[in-house]
Amino acid sequence: MLVVKSVRARAAVVLAALAMILSVGVVAIQAATAPPAAAHGSVTNPPSRTYGCYERWSGNHLDPAMATADPMCAQAWQSSPSAMWNWNGLYQNGLGGQFESRIPSGALCSGGHTQNGLYDAMDRPGRWYAKGVPANFTLTLTDGSDHGADFLRIYVTKPGFDPTTQAVGWGNLDLVKQTGRYPTSDPYVTDVNLAGRSGRAVLFTIWQASHSDQAYFFCSDINIGGGDIVPGPGNPTPSIPPRTPPPSSPPPVSPPPVSPPPVSPPPVSPPPPGGACTATVRVVNSWSGGYQAELVVKAGTAAITGWSANVAGATITQAWSATLSGSTLTNATWNGSLSAGASTTAGFIGSGNPPSSATCAAR
């Protein structure tokens, strides 16, 4: 009798241990495959590449039919399922508005190989699903964490750009619009006017969040004036490109049609006194009757908590990384405080003759 009881007791212990192992295994599988809670945000209409792949395939991402029905999403899911589940996490911190110098051409859709190349599949040219939009439409950005926005900056690829064979670079883009600030409530919507354009293009949106110096980057494939372009069956699944570290410098891009006039380099001068600042301005692009310029503000030998720069004689129509009043640009909430000798960059679009100098006042 004692032997029987002992055998039964041991069997009960073994069964309980097996039940515990199975329970832990199920929990681990669920944790590995479940999508994350909403953390940040993305352009949801027209959908960014990350959000579009998540929206269309997250419920069936192991379906082999994706390889022919939606080959670019297939290579993205194969390259990095984590990037697809985290469709709302494509951002970089601490860029200080210096997007063109910090994000290499050809890597705009991945935010400059952000998170060690997690989103690099977004940069790959190919037959991405393209959302049909009219020439005038409303862009929607969904922010699950209510970060707010200092601005949304929206570009569209130039006529003749082919996203099926070309990666998006700065030289391929025309600036369409920059919005003002949005409060910390979602979604953020704005009208986009692409009058005069038709056919396939890529919309590139930068969201500068308000809660910190955090910038998000989104590529949305669109078909202007037409219906959705669905890749459909019969298209080969592209191979997964090897991940390589970001290049030390952006690859060369084609120069703009009209070269900017030569600008004399700023004179060498001693650093500004403590609590002061200096401002320099240079033209980075120009066209008939207008130009795009960069403003660099540098603190003196002591830290400053804010700045304003007057661009003498400039007729400024639009500015970013700063607030605009006439010909004066004042720091945004995230780039006003500068340590001694530190600098930040803002930009603006103007009309008439390009400026050559600016003055700075610190707080």
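Let's start with a sheet. Three strands make an open sheet, ordered S1-S4-S7, and the pairing is antiparallel. Strands here (E, at least two residues) and helices (H or I, at least four) are DSSP runs, numbered from the N terminus. Two strands pair if DSSP finds at least two bridges between them. At the edges sit strand S1 (41-45) and strand S7 (188-193), and each pairs on one side only. Neighbouring strands of this sheet are turned against each other by 30° on average, direction ignored. For such angles, axes are lines fitted to C-alpha atoms, for helices over the stretch in contact, and angles run from 0 to 180 degrees between N-to-C directions.

A word on the model before going on. This is a predicted model, where local features need pLDDT of at least 70, side-chain atom pairs count only at pLDDT 80 or more, and totals for chains, interfaces and linings use all residues. Residues are numbered from 1 along each chain as its sequence is written, and side-chain values use heavy atoms, with hydrogens and water left out.

Back to the sheet. Strand S4 covers residues 136-143. S4 and S7 pair in the antiparallel sense, over six bridges. Which residue stands opposite Leu 141 in S7? That is Tyr 188.

Now the other sheet on my list. Four strands form an open sheet in the order S14-S15-S12-S17. The pairing is again antiparallel. Strand S14 (322-325) and S17 are at the edges with a single partner strand each, so one side of each has no neighbour in the sheet. From one strand to the next, the twist averages 20°. Look at S14 and strand S15, residues 328-331. The two run antiparallel and are joined by four bridges. Leu 324 has its bridge partner in S15, and that partner is Leu 329.

Next, the disulfides. How many does a search of the whole structure find? Three. A disulfide here is a pair of cysteine sulfur atoms within 2.5 Å. Number the bonded cysteines of the chain in sequence order, and the pairing reads 1-2, 3-4, 5-6.

Take Cys 53 and Cys 73. Their disulfide has an S to S distance of 2.0 Å. The angle about the S-S bond is -90°, and the link is left-handed. Cys 53 lies in helix H2 and Cys 73 in helix H4, so the pair ties together parts that are 20 residues apart in sequence. Are these cysteines buried or exposed? Cys 53 counts as buried, at 0% relative accessibility. Cys 73 is buried too, at 0%. Buried means under 20% relative accessible area, exposed means over 50%, and partly exposed is in between (1.4 Å probe, protein chains only).

Stay with H4 for a moment. Helix H4 spans residues 71-79 and is mostly covered. Seven of its nine residues are buried. They are Pro 71, Met 72, Cys 73, Ala 74, Gln 75, Ala 76 and Trp 77. What do they pack against? Helix H2 (49-57), helix H3 (66-69) and helix H5 (81-85). Contact means heavy atoms within 4.5 Å.

On to Cys 109 and Cys 219. These form a disulfide, with the sulfur atoms 2.0 Å apart. The torsion about the S-S bond is about -80°, so this disulfide is left-handed. The pair links distant parts of the chain, 110 residues apart. Cys 109 is in the loop between helix H6 (99-102) and helix H7 (114-117), while Cys 219 is in strand S9, residues 214-224. Cys 109 is buried, at 4% relative accessible area. Cys 219 is buried as well, at 2%.

The loop between H6 and H7 also holds Ser 105. Ser 105 is buried, with a relative accessible area of 10%. A polar atom of the Ser 105 side chain lies 3.1 Å from the backbone nitrogen of Trp 170.

That leaves Cys 277 and Cys 360. Their sulfur atoms are 1.9 Å apart, in a disulfide. The torsion about the S-S bond is about -100°, so the disulfide is left-handed. Here too, distant parts of the chain are linked: Cys 277 in strand S10 (residues 277-287) and Cys 360 in strand S17 (residues 358-362), 83 residues apart. Cys 277 counts as buried, at 8% relative accessibility. And S17, remember, is an edge strand of the sheet with S14.

How values were computed
A polar contact is a pair of N or O atoms within 3.5 Å; within protein, one must be able to donate a hydrogen and the other to accept it, and residues adjacent in sequence count only if both atoms are side-chain atoms.
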